Amino acid sequence: MKFHRLFVLSMVMLAATIACERRPGTTGSATSTGDILVGMYGSLTGDGASFGQSSVEGAQLAVEELNNAGGLLGGRKIRLLVEDDQSKPDEASNAVTKLITQDKVVAVLGEVASRRSLAAGPVCQKYQTPMISPASTNERVTAIGDYIFRVCFIDPFQGEVLAKFAYNDLKARKVAVLKDVQQDYSVGLTDAIQKTFQALGGEVLAPVSYSSGDADFKAILTQVRAQKPDAMFVTGYYPEAAIIVRQARGLGMKIPVLGGDGWVGDALKNGREALANCFISNHYSGDNPDPVVQNFVKTYRAKFNREPDSIAALGYDAAKVLAAAITSSNSTEGPKVRDALAKADVPGVTGRLKMNAQRNVDKPAVIQELKFADGDVKYVYRTTINPN
Amino acid sequence: VDTFFQQFINGLSLGAIYALIALGYTMVYGVLRLINFAHGDVYMLGAFAGYYIANALNMDANPSILGAIAVTMGAMAICAIIGILIERLAYRPVRHHSRLTSLITAIGVSLLLEYGGQVVFGATPRFFPQMIRSQVYAVGGVQITNQNLLIIVVSVIVMFGLQYIVHQTRIGKAMRAVSFNLPVAKLMGINTDFIIAFTFALGSALAAAGGVMVALAIPRIDPLMGLMTGLKAFVAAVLGGIGNIPGAMLGGMLIGLMETWIGATAYSTYRDAVAFAVLILILLFRPAGILGTSVTEKV
């Protein structure tokens, strides 16, 4: 008797599941009316959680502003569908496949880490769905194909900016470079720094390798210390950078430490007082008096109750560029939106967003000095460097 | 020369971490002939227990040594209970089955804690509050932070403490009896279930102490932190001779020094591979480990 009831119950549940499964299909086909679906994938959990959370928050803020202003294409609202890739490249391509094939999104926003953008980009290219990376700076990301765009500068430029700052402003002549061999971003940035610094006439010691997730860097740092460099570059991401800086200071290394935009993340504060005398290149400065920037900082603070970082600003810009392209193409079809994106030229929080032939934007970089105060990292504006 | 000594100190402070965890592996193995693969995850739970206690006490804003000791004690107590529960719920029901059953159960418990941890704590790394402000001591060109010094000192104290417990106390005698022959120990009136539970509690408390101390030096904790560290500590225990307490210490230090030495060469990214290559070599050529005595088993 009891068994029977259980069987009936499970049948009912099965039927209900099937009924639910069908529903997205019926609404998905009606793309000419109703909400405009935009996908976003990011590392909401895992090692790179700060990247995913910041970029998604930035995009959410942009979407909210656009919807409050009346939506797009004659009053249609944008709906942002967010997928978590758990900071894993294979999950990134799964997430994008789901967004495109099941949710039938118009375009995809993401990822921050170059390695994950490189994993998911080919999927977008295959389905002719435009992808806009907020913050992947590795050169190869937009080379995947003509559907892949980004709203940040690229590593050859970032490496040049960092190397020049170390040589001209910090007067370093001999530098060490620590690179994360698991991250395309770190490897690309290392190459760029090496090239520029040597061209300036400086000496670059043989790059030292580590892997994402390592926690003990004292052995490699001791080797670096023995070679007495004037400055050290750490080209990986914030979780390791914070620990590297701490352990370097613990070994008595007081030299300036430089990093790229990959240092921007909540766990950087693990570096604490050791972050003094550290410099990073970044996409934007919250101190910029430009009303566009200040307005963004104010609304972001009001909505999320924290200071926006540069990744959040780029997430915001990525969503704004996409919205502009949907409006100017007057369409939600991938190829048409793509063509509009290729011609995009809109003002952004992080600078003017004008797509070039490589689907990159030429934007200035800022150098910031890090300070640890009141239990958090402060990014102090030093200088802006424009692309040539 | 400075560099050499610095690397030696680096190796010791890394090795002390492995040694502390290896002691737990070795103790459980010594008593039960069970490789408790969940041990590395208990170390993770210790770090998380410390994290929650320290945040409840608001240690980040008011660091103090006394507070740090209280946090460590609290984490040890919590993990001792967890250790007893793991033994009671997972290992005791299968104790009388083959050893392979226990081993697979241990792997199951390990996976449960790792991925259960991801559900409960989230997969995102947390920042461990700084309970003791870091300080750098320098002797000549050799530098060490107070946190790393603490790890080395504590692991040595713990090793001697364990030696004392196992060889000089009544409960230690009972542990050795259980290790020697469980059914006979039971016939002699020893409460074997209690002894085994005690062994798990002690080993888990040590793992918790290790977790808190490591989190002090490297303040990033996540549910998978025990995976690699636990495996390396296991290698250390086998290298030193599993079941042998000074062996675990020696093995841990050797693995730490070896990793540091590899890390200082151009092959720094191969250091994990080297630790496991050592395991294979040890198992091939000296399965009893460095300090272990090989016993020929009657078949």
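Reply: This is a predicted model, and chain B averages a pLDDT of 87, with 97% of its residues scoring at least 70. For the complex as a whole, the predictor gives an ipTM of 0.80 together with a pTM of 0.83.

Turning to the interface itself, 34 residues of chain A are in contact with 31 residues of chain B, and the two chains, A and B, bury about 2,500 Å² between them, of which 51% lies on carbon and sulfur atoms. Of the area that chain A buries against chain B, 20% comes from A:D216, A:R246 and A:R272, which is more than any other three residues supply.

As for particular pairings, eleven residue pairs are in polar contact between chain A and chain B, counting pairs in which both residues are at pLDDT 80 or more, while the count of salt bridges between these chains is one. That salt bridge joins the side chains of A:E240 and B:R220, at 3.5 Å from N to O. On the side of chain A that touches chain B, at least two residues are supplied by each of β8 (208-210), α7 (218-226) and α8 (238-250) of chain A, and the residues of this side divide into twelve nonpolar, eleven polar and eleven charged.

Methods. Residues numbered from 1 in each chain as written. Chains lettered and ligands numbered in written order. Heavy atoms only, no water. pLDDT = per-residue confidence, 0-100. Contact = heavy atoms within 4.5 Å. Buried area = accessible area lost by both parts, 1.4 Å probe. Salt bridge = Lys/Arg side-chain N within 4 Å of Asp/Glu carboxyl O. Polar contact = N/O pair within 3.5 Å; in protein donor to acceptor, adjacent residues only side chain to side chain. Helix = DSSP H or I, 4+ residues; strand = E, 2+ residues; numbered from the N terminus. Nonpolar A, V, L, I, M, F, W, Y, C, P; charged D, E, K, R; others polar.
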